[in-house]
Amino acid sequence: KDLRPPVISLALSPGSGLFMAVLIQMTIAGKSFIGGNMEITLAANLTGTSRLWQDPAGIPKFSLKNCHIALISVKTNLPNSMLPKVMSKFLNSTLQKVLPGLLCPAVDGMLNLVNVKFTAMTSEIPLGTAGTLQYALLNPPVTTETSIELDLKTILHQKEGKEVDLPMDQPSLASLPPKRDAATQLILSANFLSAELSILAASFNLDISNNMVLGLPPLVTTMLGNLIPEISTVLPPSQPVVIEMREAKAPVVTITPDKSFVQLFSTAEFRVSPSDSAPESLFVLDVHSNLEVQFAIAEEKLQLSLALQRAMGGLHHFSVFQELPLKGVLADIIHVAYVPSIN
């Protein structure tokens, strides 16, 4: 007839799993064994322990080990004179038999809800259209007095299904940041983030044209001629230039206590793009960009935001002219067009 919200206390059982104590208060209504309607108001304490283990698929699972019900108080709407001690004992023993079958399945149901979360944690996560990420337990879960530690294996697949090799450099627990009370912490290595960005690197490719660098000198052959007089005589005048940015090597993530950085290794091919003929390559620069990275959490996803610190370049093939004047312009173009595209 009436079930009050339960009062739940949880504690971790070192080396085992979870201990729970649940205070339950309810009213049961029905026909009395002496005729008429009868109400039983009771308070009971449910205690249970659950084991945290690893199933064959590498997924953490909670399973109920035991469940006990202890009656705290039992009251009825019948006068005490109508409830002899023999009947009172009969009522108590009946409740002791009935309540576990009524209440313990609810604990199982709660654990199953947690297990569904674990299953979702280990399902494949799409990384846009570039590939997938999946977590699996590397070792059985470890339960201490203050926390549950899950040692996860990260599995990265490229779009075509090839698995990405990841360094198995497991940090010692002593080297990890201190755990915060009542918080879940997921610790990811710089090597893992580098590997994840390597899968996404193909989506960093960008063709930069004049309409994408507003506020900067026009991206035309005249600008290149002014910067590099050695080639001004061979450039067609006032023709649009397109810079094809392509990732040449896997990005590298570096994490320090103060700042974190992403290094990008790209090529920047400068092409003349006349309206009446096919684009013609002028030269290619190797570009090494150092970007500061800011991390944020949004809707259970890790977000990275990059900001250019500096860009260095070098000519990809032999040439008679110096590329130094281009470095400043290229850094501005990367800042205005390329980094926002990656973000």
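This is a predicted model: local features need pLDDT of at least 70, side-chain atom pairs count only at pLDDT 80 or more; totals for chains, interfaces and linings use all residues.

**A first stop on a strand**

Select E149: with 22% relative accessibility, E149 counts as partly exposed, where buried means under 20% relative accessible area, exposed over 50%, and partly exposed in between (1.4 Å probe, protein chains only). E149 sits in strand β9 (residues 148-149); helices (H or I, at least four residues) and strands (E, at least two) are DSSP runs, numbered from the N terminus.

Residues are numbered from 1 along each chain as its sequence is written, and side-chain values use heavy atoms, with hydrogens and water left out.

**The whole chain**

Zoom out and show the chain as a cartoon. Five helices and 15 strands are present in the chain. Why is the chain described as more spread out than a compact globule? Its radius of gyration is 33 Å, well over the 20 Å that the globule rule gives for 343 residues, so the chain is more spread out than a compact globule. The radius is taken over C-alpha atoms, and the globule rule is 2.2 Å times the number of residues to the power 0.38. Along the principal axes, the C-alpha atoms fill a box of roughly 115 × 40 × 35 Å.

Colour residues 3-122 as domain 1 and residues 186-342 as domain 2; these bounds come from an automatic or database domain assignment. The C-alpha centres of domain 1 and domain 2 are 63 Å apart.

Next, display the surface. The accessible surface of the chain is about 20100 Å², and 57% of it belongs to carbon and sulfur atoms; such areas come from the Shrake-Rupley method with a 1.4 Å probe, and for residues only the protein chains shown count as cover. Of the 343 residues, 36% count as buried.

**The nonpolar cores**

Hide the surface and select L156, I208, F270 and Y338. These residues have the most contacts inside the largest nonpolar core, which has 51 residues. A nonpolar core is a set of buried Ala, Val, Leu, Ile, Met, Phe, Trp, Tyr and Cys residues joined through side-chain atoms within 4.5 Å. Which helix gives the most to this core? Helix α5 (residues 324-342) does, with ten residues.

Centre the view on L156. Leaving out residues up to four places away in sequence, L156 touches several residues, including L127, L133, V164, L166, F192 and I199; a contact means heavy atoms within 4.5 Å.

Then select M20, V22, L103 and C104, which are among the residues of a second, separate core of 24 residues.

**The disulfide**

The angle about the S-S bond is -85°, and the link of C67 and C104 is left-handed. Are the two cysteines buried or exposed? Both C67 and C104 are buried.

**Exposed positions**

Remain with helix α1 and select K97, which is found there. At 70% relative accessibility, K97 counts as exposed.

Move to I8 in strand β2 (residues 7-13). I8 counts as exposed, at 52% relative accessibility. Not counting residues up to four places away in sequence, I8 touches A21 and V22.

**Two loops with positive phi**

Most residues other than glycine have a negative phi. Select S238, in the loop between α4 (229-232) and β12 (241-255). S238 is not a glycine, although its phi is positive, at about 55°.

Finish at E299, in the loop between β14 (280-298) and β15 (301-315). E299 has a positive phi of about 50° and is not a glycine. At 75% relative accessibility, E299 counts as exposed.

Methods. A disulfide is a pair of cysteine sulfur atoms within 2.5 Å.
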